[in-house]
Amino acid sequence: MLNNNQNHFAPQNDDTQTDTTHNSAQDDTIWDVVKVDIQNAFNELPHDQIRQALENSAISLQDRRYIFNHLQSRWADDIPRVRQGVSTGDVISQKLFLACVDPILFELDEKGYRAVMYADDLTVLHKRGEYHQTVELLANMFQKIGLVINKDKCEGTDPSSGNTTGVIEFLGQNIGINSEPIAVQIQKQLQTRIKALQKYDIPKFYQYLIFKQCIIPSANYGSFLEASITETQLADAKDKYDYIDIMLAEAMEEILESDLPTKDLLDVMILSKDDGGLDLITPGAYFDLMIQNRDMAFQDPTKVNKETRDFFSKNRHEFINSKQYPTNVKSNWVIAWITTTKSQTKGSNIQLT
């Protein structure tokens with residue numbers, strides 16, 4: 001059972017809900033974040049640690065033999081006859097790495113730290129002024145499992161870390177008191193991605209698929225990460241996410257070659273497929289629901305996998321049912337467009353999965 005702060009390969013876990021800056025303390029404590037650099041993490045993991053992790057996880061002897069047969073070609077470069085390291089290109093090896101690191105996350109929980117880990121990317125929330133103390137603690141923890149922390153390559157938002165900007169990047173997001181609001185970061189990233197999509201001569205149906213499966217998911221998660229937003233900031237944040245909705249709708253207008261008003265097209269994008277819509281989640285339309293869902297998750301991070309998903313699913317269904325198909329839009333117009341362009345695209349050399 002992986003620690004709840006492991007965000008890679010966790011069952012039913014949504015990486016968009018990763019929170020590295022949430023401060024639930026009711027006092028005046030200032031919190032900072034350190035991004036940890038694990039030296040050659042996958043290649044230097046000792047097999048003895050893997051063996052111990054598997055034994056602690058009650059993995060059967062037969063399965064353990066299968067796993068070590070899979071790893072038998074991994075040897076240390078600088079130490080004769082010592083097996084170490086896992087591959088980086090297969091699921092089993094990365095899960096083995098996470099299983100070995102997992103006890104460290106539980107120990108950090110017990111010591112009052114908040115850690116978030118995705119594969120070998122680790123951030124730890126600590127009190128202001130304790131940057132070097134935290135890095136030293138982490139170095140000692142990882143040394144016990146045969147891994148080395150590059151202290152000089154660790155980064156922090158704490159002024160004592162030597163970072164004059166007070167901002168670090170983690171999983172594509174800027175973190176720190178001086179960082180841009182998440183919504184603004186998403187707007188910039190979205191603008192770049194839309195331009196890239198429009199730059200190439202791609203069949204319209206494939207443009208639609210890329211937009212639906214890649215671009216929208218890269219923009220609709222922001223409210224889940226708005227950990228420090230206050231009640232007085234909600235209206236301003238909502239405006240920013242509404243603008244993201246407009247950006248998405250305008251891009252969709254170009255793909256569909258539609259002359260619908262932006263608001264009507266947004267409604268079509270949000271409505272369920274049963275009602276002739278596209279059943280998409282946009283951050284402005286779902287802002288209130290995401291904020292509610294975020295608060296529920298932060299109250300008890302252990303509930304983030306199931307209860308928050310159930311909550312979101314139920315309320316999303318009610319939200320969609322409250323919407324009405326625009327009266328000036330021909331019923332099932334978008335579905336007809338998808339069907340037609342898909343048939344026209346058959347035989348194209350472009351392969352999307």
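Guide: Start with the hairpin of β2 and β3, which has two residues between the strands; there Ala119 takes a positive phi near 55°. Helices (H or I, at least four residues) and strands (E, at least two) are DSSP runs, numbered from the N terminus. This is a predicted model, in which local features need pLDDT of at least 70 and side-chain atom pairs count only at pLDDT 80 or more, while totals for chains, interfaces and linings use all residues. Residues are numbered from 1 along each chain as its sequence is written, and side-chain values use heavy atoms, with hydrogens and water left out.

Visitor: Is Ala119 buried or exposed?

Guide: Buried means under 20% relative accessible area, exposed over 50%, and partly exposed in between (1.4 Å probe, protein chains only). Ala119 has a relative accessible area of 9%, so Ala119 is buried. Asn40 counts as partly exposed because its relative accessibility is 40%.

Visitor: How do the strands go together in a sheet?

Guide: Strands of a sheet pair through backbone hydrogen bonds, either parallel or antiparallel. Two strands count as paired if DSSP finds at least two bridges between them. Here four strands form an open sheet in the order β2-β3-β1-β4, with antiparallel pairing. The edge strands, β2 (114-118) and β4 (155-156), each pair on one side only.

Visitor: How many bridges join β2 to β3?

Guide: Five bridges join these antiparallel strands, β2 and β3. Val116 stands opposite Thr123 in β3. Going on across the sheet, β1 and β3 pair over six bridges, and Val36 has Leu122 of β3 as its bridge partner.

Visitor: How do I read the packing of two helices?

Guide: Take the angle and the distance between the axes. Helix α7 (residues 234-256) and helix α8 (residues 262-270) pack at an angle of about 90°, with their axes 9 Å apart. These two helices, α7 and α8, are therefore roughly perpendicular to each other. The scale is: under 35 degrees roughly parallel, over 145 roughly antiparallel, 65 to 115 roughly perpendicular, and the rest oblique.

Visitor: Which residues make the contact between α7 and α8?

Guide: Contact means heavy atoms within 4.5 Å. On the α7 side they are Asp245, Leu248, Ala249, Met252, Glu253 and Leu256, and on the α8 side Thr262, Leu265, Leu266 and Met269. They divide into seven nonpolar, one polar and two charged. In this grouping Ala, Val, Leu, Ile, Met, Phe, Trp, Tyr, Cys and Pro count as nonpolar, Asp, Glu, Lys and Arg as charged, and the others, Gly among them, as polar.

Visitor: What covers the buried residues of α6?

Guide: The cover includes α5 (182-199), α7 and α11. The buried residues of helix α6 (residues 204-215) are Phe205, Tyr206, Gln207, Tyr208, Leu209, Phe211 and Ile215.

Visitor: How far can I trust the model?

Guide: Look at pLDDT, the predictor's confidence in each residue, from 0 to 100. The protein chain averages 78, and 75% of the residues score at least 70. Among the elements, helix α9 (residues 287-299) has the lowest mean pLDDT (69) and helix α4 (residues 131-143) the highest (94). Over residues 8-26 the pLDDT is below 50, and over residues 76-82 pLDDT stays under 50.

How values were computed:
Axes are lines fitted to C-alpha atoms, for helices over the stretch in contact, and angles run from 0 to 180 degrees between N-to-C directions.
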